Amino acid sequence: PANIRVLSGIQPTGTFHLGNYLGALRTWKQLVEYVNPANSPEPITRSRLLFSIVDMHSITVRQDPDMLRASVLESAAAMIACGVDPSRSVLFQQSAVSGHAELAWILSCSTPLGWLRQMHQFKSKSEAQKEGTSLGLLSYPVLMAADVLLYRSTHVPVGEDQLQHLELTRDIANHFHSLTTQQSVFQIPTIVYSEATRVMSLRDAAVKMSKSDPLEASRILLTDSVDVIDQKIRKAKTDSIPGISADPARAEVMNLLTMYAALSNESIASVAKQFADSGHAAFKRSLAEVIQATVVPIGNEISRLKKDEEYLRQVMELGAEEARTIAHQTLLDAKRAVGL
Ligand code: ADP
Ligand code: NA
């Protein structure tokens, strides 16, 4: 993997959950292993992998300032606890690198407004906001484009939810080039669509497990204790059909099977076969154990790291410095292209 640069981001808006782990953090750990293997004789190039805690995205929705600040630290702790090794990747806080905001402004001056109005997420979120929609909610995808383009990222892994925004990122970069005489300010990133595991809410299998769900019983937090995990899984919604089967019509059971299979590295079909004759309660007890085996050690590591605030700040400051260095040339080129 020479000459590659991958950027990924996560919002620090609350404690990470099992969906974040299976859909993002676990994949990031694998990416670190793949790009900068722990026991490789080759020198490590940290700058191939950038992991950003995108706090500027979080403020498109109003946040409690103290909670957001605490969340940034906890996010760093959780990322490290999940295996995103800061000695083999660049872990940083978005707002610590002013280039994101600068480039976002430059790009916002060349991006047609109509493109942003068409984004699914803007349409659904602006409809949901009663007190008026902010400019930031509309221009959020331009900030995201800046995040990616600032580092001349070659590959950006995305799930279904961000696919449209990444396509827009490519359009924004190409459009910028078409308006100037400079054709190589940005690297046009390859979108790596990941079929990462998608985990649904424990209380409603029609919606995804999410930090923003007010019902905490809907998700397994990476910091949940053994007892809390037992309780949440015991109360997880199922149906009244006896036994366990991998039937797409049984959304709740499918969701539990998906978690089990992902955590035990088995196929859904094989897990379903093992539990075909089990009652729901017995299956849930086994599932809780499988979840605990992964989540509890991560949770312990998160709480250990959270106590070492100095270390976390040091990691993020080092990451921000490295990110600024990488961003510097792109920003110069973008400014030059428009006359700044
Ligand atoms: P949330 O919706 O919980 O606030 P984010 O939107 O910040 O999560 O997403 C952070 C990362 O976690 C993204 O890569 C996203 O694809 C992944 N992710 C979030 N929720 C889930 C889920 N329920 N299942 C799988 N992956 C998820
Ligand atoms: Na979200």
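This tour moves through the structure from a ligand to a loop residue, a helix, a pocket and the cavities.

The model is predicted, so local features need pLDDT of at least 70 and side-chain atom pairs count only at pLDDT 80 or more, while totals for chains, interfaces and linings use all residues. Residues are numbered from 1 along each chain as its sequence is written, chains are lettered from A and ligands numbered from 1 in the order in which they are written, and side-chain values use heavy atoms, with hydrogens and water left out.

**Ligand 1**

The side chain of Asn20 places an N or O atom 3.1 Å from an oxygen atom of ligand 1. For the side chain of Lys208, the corresponding distance to a ligand oxygen atom is 3.0 Å. Met209 uses a backbone N or O atom, which lies 2.9 Å from a nitrogen atom of the ligand.

**Ser153**

Select Ser153 in the loop between helix H7 (135-150) and strand S4 (155-158); helices (H or I, at least four residues) and strands (E, at least two) are DSSP runs numbered from the N terminus. Is Ser153 buried or exposed? Its relative accessibility is 1%, so Ser153 counts as buried (under 20% relative accessible area, with exposed over 50% and partly exposed in between; 1.4 Å probe, protein chains only). A polar atom of the Ser153 side chain lies 2.8 Å from the backbone oxygen of Val148.

**Helix H3**

Move to H3, residues 65-81. After the helix comes Gly83, whose phi is positive, near 105°.

**The second largest pocket**

Select Asp55, Arg69, Val72, Gln93 and Arg313, which are the closest to the centre of the second largest pocket among its 14 lining residues. The space there is about 280 Å³. On a 1 Å grid over the protein atoms alone, a pocket is an open set of points with protein on both sides within 12 Å along at least five of seven lines, a cavity is a set where a 1.4 Å probe fits but cannot get out, and lining residues have an atom within 4 Å of a point. Grid points are joined across faces, edges and corners, and a volume is the space filled by probe spheres set on the points. Helices H2 (55-58), H3 and H13 (309-338) each supply at least two lining residues.

**The cavities**

Two cavities reach 30 Å³ or more. For the largest, about 60 Å³ in volume, select Gln121, Phe122, Lys125, Leu137, Tyr140, Pro141 and His165. Helix H6 (120-128) and H7 each give two or more residues to this lining. The second largest cavity, of about 30 Å³, has a lining that includes Ser201, Arg203, Lys237 and Glu252.

Note on methods. A polar contact is a pair of N or O atoms within 3.5 Å; within protein, one must be able to donate a hydrogen and the other to accept it, and residues adjacent in sequence count only if both atoms are side-chain atoms.
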